[in-house]
Amino acid sequence: MSARIAAALFMSHVPAIGVASDLGKTEEPYWKPLFDGMQPARDWIAANPPDVVILVYNDHGNAFSLQMIPTFALGMAPFYEPADEGWGPRPVPTVEGHPALSAHIAQSVIPAGFDLTLVNEMTVDHGLTVPLTMMFDKPDAWPCKVVPLAVNVVQHPTPSGRRCLELGKALRTAVETFDDDIIVQIWGTGGMSHQLQGARAGLINAEFDNRFMDDMINDPEVLAEVPPVEYLREAGSEGIELVMWLIARGSMSDLAGGGSPGEVHRLYHVPASNTAVGQLVLENGTVTA
Ligand code: DHB
Ligand code: FE
């Protein structure tokens, strides 16, 4: 039996969510509605635990910097320590990798035309650890292994939506040819609308975000044609993080002739710092016509 992709998950990575968890503030009035809103996703994953998560995220100048900007960087390591982002590393467990699956992904998608940068040693910042906190709360050890896939959405030019969706399709093939009977989830993270600086700081575009989630579920091939500049215009300068969701969506089997995704959970929440929080849980291929 080979590995299979059981679900794709999509969510923001607002660093303040991690801080609220780390400092025990989740019951405070500002944060409680958001953490309550995420509870169905936590209940679902507790009942449907993955062996491995391929976690598509972006680094924010912590593991990488402007000295070196890989467009798509695949983590190959057995372990990834939380990065020191200026206030010390987050007090969360070390992230355990899956080097054999990483190596298989590289062997599968690079010959297929996706020239990944392979990273044997790196730390992981809030882009990766906040989604883990959102789904798993505060365990002593993370309950699954993680293969990090870091995408450049910090320095333009960023990859196109089409390139991201197609990389997701290549990842599906890679997972389904991995000769081990494991359950894999792919998480696409970042977004939703936010702009952290300049005259439009604080921008939230709920209409764009909700349409994006509709299209993410129902119309990803059309969504893949949206150019990066439209994310900037509509969702703010950091809204371009949303393009990473297309990698996870591309891995789902409806785009290869299988069943449609089953919607398990959908959340849209404001406020959380300066960022609109979105969260989607889609089971893979469970809806057939
Ligand atoms: C914020 C959001 C981000 O995605 C990020 O990487 C940094 C800060 C914020 O809303 O404060
Ligand atoms: Fe970010």
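Predicted model: local features only at pLDDT ≥ 70, side-chain atom pairs only at ≥ 80, totals over all residues.
E225 is the residue I would like to start with, since at 52% relative accessibility it counts as exposed, where exposed means over 50% relative accessible area, buried under 20% and partly exposed in between, for a 1.4 Å probe and protein chains only. Residues are numbered from 1 along each chain as its sequence is written, chains are lettered from A and ligands numbered from 1 in the order in which they are written, and side-chain values use heavy atoms, with hydrogens and water left out.

The side chain of E225 meets that of R162 in a salt bridge, 2.8 Å from N to O, the term covering a side-chain nitrogen of Lys or Arg within 4 Å of a carboxyl oxygen of Asp or Glu. Because R162 sits in helix α5 and E225 in the loop between α7 and α8 (228-235), this pair ties together parts of the chain that are 63 residues apart in sequence; helices here are DSSP runs of H or I with at least four residues, and strands are runs of E with at least two, numbered from the N terminus.

R162 has another partner, E221, and here too the closest N and O atoms are 2.8 Å apart. With E221 placed in helix α7 (residues 220-223) and R162 in helix α5, the pair ties together parts 59 residues apart in sequence. R162 is partly exposed at 25% relative accessibility, and E221 is partly exposed at 30%. What do these residues belong to as a group? R162, E166, K169, E221 and E225 are linked in a network of salt bridges, and a search of the whole structure finds 14 such bridges.

Elsewhere, D214 and R266 meet through their side chains in a salt bridge of 2.8 Å, N to O, and they link distant parts of the chain, D214 being in helix α6 (residues 206-218) and R266 in strand β9 (residues 260-269), 52 residues apart. D214 is partly exposed at 35%, as is R266 at 30%.

Let me return to helix α5, residues 161-176, whose 16 residues should span 22 Å at 1.5 Å a residue, in agreement with end C-alpha atoms that are 23 Å apart; the expected span is 1.5 Å times one less than the number of residues. Among the buried residues of α5 are C164, L165, K169 and R172.

Which part contributes most to the largest nonpolar core? This core has 54 residues, and those with the most contacts inside it are I105, F212, Y231, W245 and I247; its largest share, seven residues, comes from α5. By a nonpolar core I mean a set of buried Ala, Val, Leu, Ile, Met, Phe, Trp, Tyr and Cys residues joined through side-chain atoms within 4.5 Å. Leaving aside residues up to four places away in sequence, F212 touches M192, L223, Y231, L242 and W245, contact meaning heavy atoms within 4.5 Å. There is also a second, separate core of 40 residues, which includes M11, I17, W187 and V281.

Turning to the rings, the structure holds eight aromatic pairs. Y30 and W31 have ring centres 4.9 Å apart and planes at 80°, so they count as edge-to-face, whereas F208 and F212 are stacked, with 6.3 Å centre to centre and 25° between the planes. Rings of Phe, Tyr and Trp (its six-membered ring) pair if their centres lie within 6.5 Å, planes under 30 degrees apart counting as stacked, over 60 as edge-to-face and the rest as tilted. F208 and F212 are both buried and, being four residues apart in helix α6, are separated by about one helical turn. Ring pairs also link F10, F208, F212, Y231 and W245 into a cluster.

H13 is buried at 3% relative accessibility, while H60 is partly exposed at 26%.
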